[in-house]
Amino acid sequence: MTANTSSDSLLKQPRAVWAVAFASVIAFMGIGLVDPILKPIGEQLNASPSQVSLLFTSYMLVTGVAMLITGVVSSRFGPKRTLLVGLAIIVVFAALAGTSGSVGEIIGFRAGWGLGNALFIATALSTIVGAASGGVARAIILYEAALGIGIATGPLVGGLLGGFSWRGPFFGVAVLMAIAFILLIVMLPDTPKPAHTTSILDPFRALRHRGLLTVGITALLYNYGFFTLLAYTPFPLDMGTYSIGFIFFGWGLCLAVASVFIAPKLQRAFGTLNMMMLALLLFAVDLGVMAMFTENKTVLIVGTVVAGLFLGVNNTLITETVMISAPVERSTASAAYSFVRFTGGAAAPYLAGKLGESNMHVPFWVGAACTALAIVVLATGRKVLAHVDDHEPAPHSIDEARAVTVGD
């Protein structure tokens with residue numbers, strides 16, 4: 001009876017919470033949505049793998065830079081307006097991407113999409129927590145569920161809609177986000193502005209702290225391997241949109257489960273830094289195996305899906321480390337980390353595609369090497385990050401949810 005009551009209270013939330021949760025699902029879909037349609041776009045628009053991979057590069061580059069201003073915008077205009085502006089930008093640029101006649105146009109419109117996504121994602125968590133009933137923990141469970149569903153289903157939806165046309169996923173996101181925009185206008189009450197405003201310079205000042213800078217550089221290097229896997233693997237797989245969609249659905253499912261459920265348990269059992277290094281090592285080995293057997297599609301499929309487990313664990317723990325690595329506000333540390341991570345890693349999709357045009361094995365080798373180097377960088381900062389293992393966020397806390405969000 002207690003379990004049923006708890007479940008009922010979890011589901012009995014204000015309409016505003018469900019509206020933001022729905023929009024969160026669609027926003028996180030955007031991460032892997034384009035994977036299944038990379039090859040069809042290249043084939044139909046006469047573009048090389050490196051050119052098509054710029055869809056990821058422009059998206060991540062703008063997302064990383066935009067993270068510097070999300071706090072500034074939200075603190076001045078309030079969460080609701082920030083959410084609506086983010087959604088409106090995504091609707092416009094996703095629809096424009098669907099009407100594109102060249103890869104260059106899609107790349108530009110994906111950049112605009114990245115700006116909207118940054119504004120939305122940076123504000124959604126606090127909005128759900130503020131609007132939910134039944135306590136913070138229940139609100140976080142709903143948010144993490146929305147995040148996990150979005151990451152896992154993004155490639156699947158991209159594959160299904162991409163089976164009709166590569167334009168399908170873009171128009172699909174535009175329609176769904178337009179629905180979310182209307183729901184938020186109607187259901188989400190006006191939210192108060194934060195007590196104080198933030199400066200765009202705060203994240204740069206935060207990077208003066210060695211602990212935060214160390215983790216940022218670690219993430220930059222590891223992100224090279226992450227986005228090599230995400231943006232380049234569809235090309236050597238050379239399979240249809242449905243197949244690619246289901247493969248990356250498996251990847252996203254593993255990543256979501258590992259982020260929300262597995263990472264906290266491993267952290268408590270073995271320590272944060274130890275598990276980060278182990279997850280990075282396993283991911284580097286995984287990429288190395290994919291580099292050796294790139295012609296073998298079975299190896300690529302298994303390697304891609306299994307990588308989701310390592311990525312999910314590391315993403316959550318490394319971002320949690322960021323938030324306590326320096327004596328600054330956690331939103332500021334998160335913005336600084338995201339800027340370094342995304343802007344630095346934005347080169348990976350293009351470089352991987354370019355290298356792969358000459359030798360299909362090399363992108364995975366370079367990704368593995370960068371991930372291994374990330375372990376070395378993290379090890380050099382072990383002393384300044386020693387306090388990280390003394391911090392353990394409660395399950396389904398705001399700290400945990402923010403770590404899962406920024407990490408993924």
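Student: Is Phe-364 buried or exposed?
Tutor: Buried means under 20% relative accessible area. Phe-364 has a value of 0%, so this residue is buried. Keep in mind that the model is predicted.

Student: And Tyr-232, buried or exposed?
Tutor: Its relative accessibility is 4%, so Tyr-232 counts as buried.

Student: How many aromatic pairs does the structure hold?
Tutor: There are 11 aromatic pairs. To classify one, look at the angle between the ring planes: over 60 degrees counts as edge-to-face. For Trp-113 and Phe-170 that angle is 75 degrees, so the pair is edge-to-face, with 6.1 Å between the ring centres.

Student: Which parts of the chain does the pair of Trp-113 and Phe-170 tie together?
Tutor: Place each ring in its helix. Trp-113 belongs to helix α6 (residues 103-131) and Phe-170 to helix α8 (residues 168-187), so the pair ties together parts that lie 57 residues apart in sequence. Both Trp-113 and Phe-170 are buried.

Student: Which residues do ring pairs link into a cluster?
Tutor: Follow the pairs from ring to ring. Tyr-222, Phe-226, Phe-227, Phe-248, Trp-251 and Phe-283 are linked in this way.

Student: Where do charged groups sit over rings?
Tutor: Check the distance from the charged end to the ring centre. Arg-110 lies over the face of Tyr-59, 4.1 Å from the ring centre. In another case, the charged end of Arg-341 is over the ring of Phe-342, at 4.8 Å from its centre.

Student: Which residues touch the most other members of the largest nonpolar core?
Tutor: This core has 116 residues, and Ile-41, Phe-170, Met-177 and Leu-311 touch the most other members. Helix α10 supplies the largest share of the core, 12 residues.

Student: What does Phe-170 touch?
Tutor: Leave aside residues up to four places away in sequence. The contacts of Phe-170 then include Val-34, Ile-37, Ile-41, Leu-55, Arg-110 and Trp-113.

Student: Where does Tyr-143 lie?
Tutor: In helix α7 (residues 136-162). Its relative accessibility is 1%, so Tyr-143 counts as buried. Tyr-143 and Val-17 are 126 residues apart along the chain, and 9.1 Å separates their C-alpha atoms.

How values were computed: Residues numbered from 1 in each chain as written. Predicted model: local features only at pLDDT ≥ 70, side-chain atom pairs only at ≥ 80, totals over all residues. Heavy atoms only, no water. Phe/Tyr/Trp six-rings, centres within 6.5 Å; stacked < 30°, edge-to-face > 60°. Helix = DSSP H or I, 4+ residues; strand = E, 2+ residues; numbered from the N terminus. Buried < 20%, exposed > 50% of the residue type's maximum accessible area, 1.4 Å probe, protein only. Lys NZ or Arg CZ within 6 Å of the ring centre and 35° of its normal. Core = buried A, V, L, I, M, F, W, Y, C linked by side-chain atoms within 4.5 Å. Contact = heavy atoms within 4.5 Å.
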